[in-house]
Amino acid sequence: MYICICNAIREDDLRRAALGHAGDAEATYATLGKRPNCGQCLGEAGKIIEQERALSSCEKVAI
């Protein structure tokens, strides 16, 4: 699913980028070589980034 239509950022790409960077949605977009245009996606992108990082930290604790 596309999270950011303006930049054609898919959810899978955003989730992978979230694990490699500790910043907010705008900083995570930058790791993909993008920046927000209209900004309507930032709320949802932020939630996905937080979720992915939380899942990752749970997996590290469980190991």
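This is a predicted model: local features need pLDDT of at least 70, side-chain atom pairs count only at pLDDT 80 or more; totals for chains, interfaces and linings use all residues.
**Exercise 1. Where does Thr-28 sit, and is Thr-28 buried or exposed?**

Let's start with the chain itself: Thr-28 belongs to helix α2, which covers residues 25-31. Next, look at accessibility. Buried means under 20% relative accessible area, and Thr-28 has 0%, so Thr-28 counts as buried. Then follow the side chain, which reaches the backbone oxygen of Asp-24 at 2.8 Å. Finally, look around Thr-28: leaving out residues up to four places away in sequence, Thr-28 touches Leu-14, Ala-17, Ala-18, His-21, Gly-23, Ile-49 and Arg-53.

**Exercise 2. Which residues form the largest nonpolar core, and which element gives the most to this core?**

First, list the members. The largest nonpolar core has 11 residues: Ile-3, Cys-4, Ile-9, Leu-14, Ala-18, Ala-25, Tyr-29, Cys-41, Ala-45, Ile-48 and Ile-49. Now sort them by element: β1 (2-4), α1 (11-19), α2 and α3 (42-62) each supply at least two residues of this core. With three residues, α3 gives the most. As background, nonpolar side chains in soluble globular proteins tend to be buried together.

To zoom in, pick one member, Ile-9. Setting aside neighbours within four places in sequence, Ile-9 is in contact with Met-1, Tyr-2, Ile-3, Cys-4, Leu-14, Tyr-29, Leu-32 and Lys-34.

**Exercise 3. What is the phi of Ala-8, and where is the place of Ala-8?**

Begin with the backbone: phi of Ala-8 is near 55 degrees, a positive value in a residue other than glycine. Now place the residue: Ala-8 lies in the loop between β1 and β2 (9-10). Last, check accessibility: at 44%, Ala-8 counts as partly exposed.

Methods: Residues are numbered from 1 along each chain as its sequence is written. Side-chain values use heavy atoms; hydrogens and water are left out. Helices (H or I, at least four residues) and strands (E, at least two) are DSSP runs, numbered from the N terminus. Buried means under 20% relative accessible area, exposed over 50%, partly exposed in between (1.4 Å probe, protein chains only). A polar contact is a pair of N or O atoms within 3.5 Å; within protein, one must be able to donate a hydrogen and the other to accept it, and residues adjacent in sequence count only if both atoms are side-chain atoms. Contact means heavy atoms within 4.5 Å. A nonpolar core is a set of buried Ala, Val, Leu, Ile, Met, Phe, Trp, Tyr and Cys residues joined through side-chain atoms within 4.5 Å.
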